[in-house]
Amino acid sequence: MVKEKFGLVVSRFTPIIAMPAGSHPTYGTAIDMGEAVKAYLTATYANAKLYGDDVLQLEANEFTYATLQAETLLSDLQVKSQLFGGVYANGELSDNVDDTAVPGAYEYIQKLKTKSGIIYRAVFLFNCVPNQLDDNADTKGESVTFANEAINYTVYPDGTGDWRKRKDFSTQAAAEAWLAQQRGAGSSF
């Protein structure tokens, strides 16, 4: 079945509160990252080729990590403190050299167009660490330029070796329910 990317909805980050060995993490409360603009995922693999008798004899291709470039319309200082570890109080965010980014899950839903209609692909990344990007601003000038909130995440495998899970659904509500299951019983939104 042909599935063509059609849109992106839902963008959430859920902090990890425990990462037991050999199992999926335990998650806290999901954070709505705002209206989803983009989610570009690039996986990186370690690979090697072994030649013998002038022919390729063996090849290894193993996942090492992935990078998610996510953009949303949310630019909230309190949310930034929850991701990057800064101190937020009285409407003010203080960034410090000792701040530590919070690992968590990232989830989004892709709308895909098929010959028979729209489907919703739920994507759940088990273990991501947000990386703070540069903060740029431009003057208005003769035109207005919108600046989305861009955050890069480094995606790692969890205690089971899983790093991503995906599933297609006929409704967005069903995709949302599945994502809630991935976060687990202790998590909420």
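**Exercise 1.** State how many aromatic pairs the structure holds, and classify the pair Y106 and Y108.

*Solution.* The structure holds eight aromatic pairs; Phe, Tyr and Trp rings (for Trp, the six-membered ring) pair if their centres lie within 6.5 Å. The model is predicted: local features need pLDDT of at least 70, side-chain atom pairs count only at pLDDT 80 or more, and totals for chains, interfaces and linings use all residues. Residues are numbered from 1 along each chain as its sequence is written, and side-chain values use heavy atoms, leaving out hydrogens and water.

Step 1. Y106 and Y108 lie 6.4 Å apart, centre to centre, with 55° between the planes.
Step 2. Planes under 30 degrees apart count as stacked, over 60 as edge-to-face and the rest as tilted, so the Y106 and Y108 pair is tilted.
Step 3. Ring pairs link Y106 and Y108 with F13 and Y153 into a cluster.

**Exercise 2.** Decide whether Y106 and Y108 are buried or exposed.

*Solution.* 
Step 1. Buried means under 20% relative accessible area, exposed over 50%, and partly exposed in between (1.4 Å probe, protein chains only).
Step 2. Y106 counts as buried because its relative accessibility is 2%.
Step 3. Y108, at 4%, is buried too.
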